[in-house]
Amino acid sequence: MSIFNAGVRRRLLSSSLATALLAVLLATGAQTASAESVPDPTQPPALGEIVGVEPGTADENSLTPEESDALAEAKSSGVPVVVDSLTTEKAQTKAMPDGTFAAELSTDPVRVKSGSGWETIDASLQTGSKNGEEGLIPKSVIADVALGKGGSDSMAYVGDHQGAAITQKWPFGALPAPTVEGDTATYAEVIPGVDLLQLVKTSGVSQVLRIKTKEALTDPRVAQMRFFLHADGATVKDRGDGKGLVAVTSDGRAALETADGQWWDSSWAGATAAGPGGPGLTYPLALSIATENGQQVQKLGMDAVLAAKNLTFPVFVDPDWTATDPGYTYVDSNWPSMSYWKGSGGSDDSVHVGFLPAEWDYVYGVSHVTRGFYQFDTGFLAGKKILKAVMNTTEVWSPSCTPAGVAAYATTTVGSGTTWGAQPTWGTKFSTVNVAKGNSASCPAGAVGFDMGTAMSALSTDAVWTVGLRAVNESDGYGWKRFAKDARLIVTYDTRPNTPALWWIEDALYSPAKGQPGAIYYTRLSTPTFGIMSMGDPDGAEGGNLTMNVAIKNSAGTVMDSGKTGPGSPKANTMFTWKGSKVLPDGRYSVNSSVTDAQGFTSGTQSFAFTVDTTPPPSPLVVAPPSVVSTGSNQGVTTATPGKDSLAFTIKDGGSYGVDSFIYAVTKIGETVTYPGNMACGTRKGPFVSICAASNAATVPVGAIDRETVIRAWAVDEAGNVNLDKASTLPTSYTLTTSGRAVVPENLLNVMGSGGATWTDVAVTTPTSVPVANNCVGTATEAGPDQRLARAFDLGTPGARGLTTGAAVDASQAFSVAAWVCPKALTGVQSIITQLAGSAAPAARLAVLTSGGVPQYALQGWASVGSAPDAVVNSNSGVTAGTWSYVAGAYDPVNRQMRIMVTSSGFTTTWITATSSPAHLASNAAQPVVLGDSGVVGTDQFTGQIFRPVLAQGVLTTDQLGFLSDSFDLHGEEGLLK
């Protein structure tokens with residue numbers, strides 16, 4: 001019964017006494033902390049029971065086969081290996097030789113998948129065909145793009161490869177044939193003084209009107225500029241937030257989009273269709289949807305351009321269409337509702353950061369503060385340990401070569417709706433750099449790196465990760481910067497080790513049985529050793545040892561003891577053992593375990609509840625049935641015949657404690673009995689039987705073994721604690737004296753020899769009839785002083801055997817066997833006396849068995865033909881060739897015991913006991929007894945001599961056997977006594 005069950009009281013031992021007594025009885029040799037694999041991880045320590053619980057948390061971070069293969073190749077070759085399955089348009093991951101992985105993520109796609117594999121992005125235009133119409137096709141970009149080749153009103157086709165597409169038409173007739181240079185097609189003089197440039201981008205197309213004169217700007221066609229639209233697989237809508245247009249599929253997916261357009265003039269040197277030059281200042285261009293003669297049109301808000309003062313021509317007007325995906329943007333304080341998402345997809349592929357003085361804005365003369373954002377898809381890093389993270393981008397312009405500070409922050413996500421008035425939330429600042437690049441040859445454009453070290457936890461939890469850049473001083477014009485759109489985030493990461501599994505707790509067992517309602521795992525040690533199985537580290541770096549972390553908490557969650565082992569093997573199924581240093585009082589606890597790899601990444605935590613119960617129960621009461629007449633305290637007399645009559649003894653809890661089971665042993669008086677250790681209910685081991693306690697009592701069948709028999713009992717609680725005699729004055733044994741006896745055998749069965757077997761004379765002493773040494777061969781011709789001649793059965797050659805004309809015993813009932821035996825040679829199994837159950841089928845036998853090179857006498861009995869026999873082996877002494885020994889055995893079905901003893905004097909000694917099957921094979925009266933083999937001539941051949949063989953029904957007492965050992969064959973009889 002649990003120590004927590006209400007109403008149950010126990011007599012407690014002092015902690016020191018309990019510990020001392022347990023040490024005497026249950027010494028275990030506990031280990032100190034180590035990471036050595038136990039010889040057999042499936043086996044718990046002595047007296048324990050495997051718990052074998054599964055890991056406490058699901059491990060979602062196991063490597064794929066491709067990752068594992070790449071890691072193995074990297075370790076073997078010493079060079080990084082690309083993990084093809086993790087490669088995307090914007091990410092590439094490599095397995096590193098040290099067992100980690102390195103991923104490079106980009107804001108903009110850098111590769112595209114083709115039929116032959118991954119190809120580098122290349123927007124160079126070449127002649128091709130789209131939807132049956134000849135056009136200009138980029139070599140390899142993310143979006144499905146085609147440009148008009150001239151000669152028609154076809155401008156551009158942009159699709160997402162998933163069925164959604166936008167086709168744009170020039171509203172003023174056929175376009176001229178373009179001039180193509182790389183990714184740009186230039187259609188000259190589409191309107192007098194106006195060129196159309198179409199620039200293919202990674203994921204779309206930017207259309208730039210180069211308006212070369214003021215007169216061209218005021219042309220009504222330019223002032224009311226629009227493009228005809230046709231949508232396939234999607235519907236073009238105004239976003240509704242003033243942030244551009246979007247093509248939405250029937251399932252609500254935004255497949256293609258255009259944020260607000262941009263325009264700029266040539267105020268700054270270097271202004272082209274690719275951007276405004278200098279600080280990169282652009283102005284918003286509103287876009288809207290209208291209908292013209294039943295045709296949907298994309299209108300450009302040219303009013304802002306027409307109203308602008310101080311324009312320097314040419315002026316560039318830039319709308320766009322792109323496939324949607326995470327990318328980059330910036331926000332401008334002077335245009336609080338303007339979206340620059342992905343640079344509006346336009347030609348100015350840069351991110352602006354800092355303060356721009358009013359005098360630099362040549363058009364409007366107002367100051368600007370800008371902030372930039374880069375966004376990365378980090379979903380595949382979920383649950384990883386980020387060891388290092390750096391974001392690299394390129395500073396393409398600065399107002400001087402004097403360094404100014406720019407800081408990187410974590411922010412919430414950004415998108416086409418991100419504006420100065422709708423900024424993401426700014427979080428942790430990662431790092432600050434002081435740089436100035438892109439001004440002149442003295443400080444050319446160059447890479448800038450931001451250490452993301454403090455972002456490690458966010459990187460492993462956020463599916464999309466956004467970095468915001470702000471000038472340290474947002475009122476300093478020299479802090480204004482332009483950065484390239486294509487930032488790279490380089491992340492080195494480690495995979496979390498698998499959560500370990502608790503495998504065993506020393507001296508622990510379940511009560512009730514594992515899996516049963518209310519089952520509790522008990523240990524009877526106050527400082528047990530824990531066996532915890534490592535489930536391995538998926539990326540198991542070379543030398544990447546694991547450290548096991550253990551914490552013991554009480555039922556209130558307080559840590560009572562903690563520690564760690566290691567480092568140890570990173571391989572799966574490695575057993576770690578840990579022994580605490582604190583004594584745990586009786587009570588309920590949990591063991592919480594995790595492993596940490598060489599990179600400092602810790603697994604999930606396995607938590608398992610257990611109970612410490614170190615207090616042994618009091619000794620039980622052993623109560624005899626009414627048929628036994630009491631003759632004093634814990635003793636009585638009966639007339640029960642050994643091996644035949646069963647007596648119902650009762651074993652009870654001796655102290656209102658509540659026990660889980662009893663263990664009892666039935667032995668003859670004077671035998672030393674050592675407690676066998678933990679036994680599960682319903683099991684047997686030698687003379688010991690474990691039986692579950694129902695209502696703190698159990699009734700067990702007991703049979704007398706000898707003239708005096710002792711029934712010993714132990715009480716066992718749920719934790720496996722056992723009472724000790726010296727810890728209690730209550731009885732643990734009962735002595736039973738019986739006057740009943742099995743019938744002493746008096747009948748001789750004739751034994752006929754064959755194959756050279758014969759009866760011969762041997763010399764024996766008088767009056768005890770102990771055979772005189774004769775090397776087990778030959779015939780004695782005369783007797784010496786105090787000797788006489790007696791008849792022994794001699795089996796001197798292979799094939800020699802003796803056979804009776806009928807059965808001696810029914811081997812399914814109690815029987816005894818005895819003989820003086822002198823083996824000539826010791827090889828393998830030798831059958832001395834065998835009672836057959838059928839043709840060549842032994843039911844029981846006395847034999848010599850050789851195990852591990854050591855021959856020993858044994859009694860065997862078969863439960864069924866062909867099955868492995870029950871056996872009891874005389875392990876106290878071996879068998880010596882050329883030496884006489886008196887061997888006696890008994891089968892006792894009442895106690896389910898098989899017993900054997902071996903002496904050199906004929907006087908009985910200590911029995912060796914083994915448990916037997918509930919029933920053995922029967923042998924009818926027609927089945928013979930064989931001396932010398934197991935039923936087939938030459939099989940299990942015994943060579944030597946047998947003197948005074950006895951095979952009698954019933955369990956003979958030791959005094960009966962002693963009588964037979966020196967009284968049978970006083971007159972030279974030949975045969976088997978039954």
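Predicted model: local features only at pLDDT ≥ 70, side-chain atom pairs only at ≥ 80, totals over all residues.
**View 1. The three disulfides together.** There are three disulfides in the structure. Count the bonded cysteines along the sequence and the pairing reads 1-2, 3-4, 5-6.

**View 2. The Cys-401 to Cys-443 link.** Here the two sulfur atoms sit 2.0 Å apart. The torsion about the S-S bond is -80°, a left-handed link. Cys-401 comes from the loop between β28 (384-397) and β29 (404-411), and Cys-443 from the loop between β30 (426-435) and β31 (446-451), so the bond ties together parts that are 42 residues apart in sequence. Cys-401 is partly exposed at 33% relative accessible area, while Cys-443 is buried at 8%.

**View 3. The Cys-681 to Cys-692 link.** The S to S distance in this disulfide is 2.4 Å, which still counts because the cut-off is within 2.5 Å. With a torsion of about 130° around the S-S bond, the disulfide is right-handed. Cys-681 is in the loop between β48 (661-668) and β49 (684-685) and Cys-692 is in strand β50 (residues 688-692), so the parts being tied are eleven residues apart in sequence. Cys-681 is partly exposed, with 28% relative accessibility, and Cys-692 is partly exposed too, with 44%.

**View 4. The Cys-776 to Cys-822 link.** The sulfur atoms of this pair are 1.6 Å apart. The S-S torsion is about -70°, so this disulfide is left-handed.

Technical notes: Residues numbered from 1 in each chain as written. Heavy atoms only, no water. Helix = DSSP H or I, 4+ residues; strand = E, 2+ residues; numbered from the N terminus. Buried < 20%, exposed > 50% of the residue type's maximum accessible area, 1.4 Å probe, protein only.
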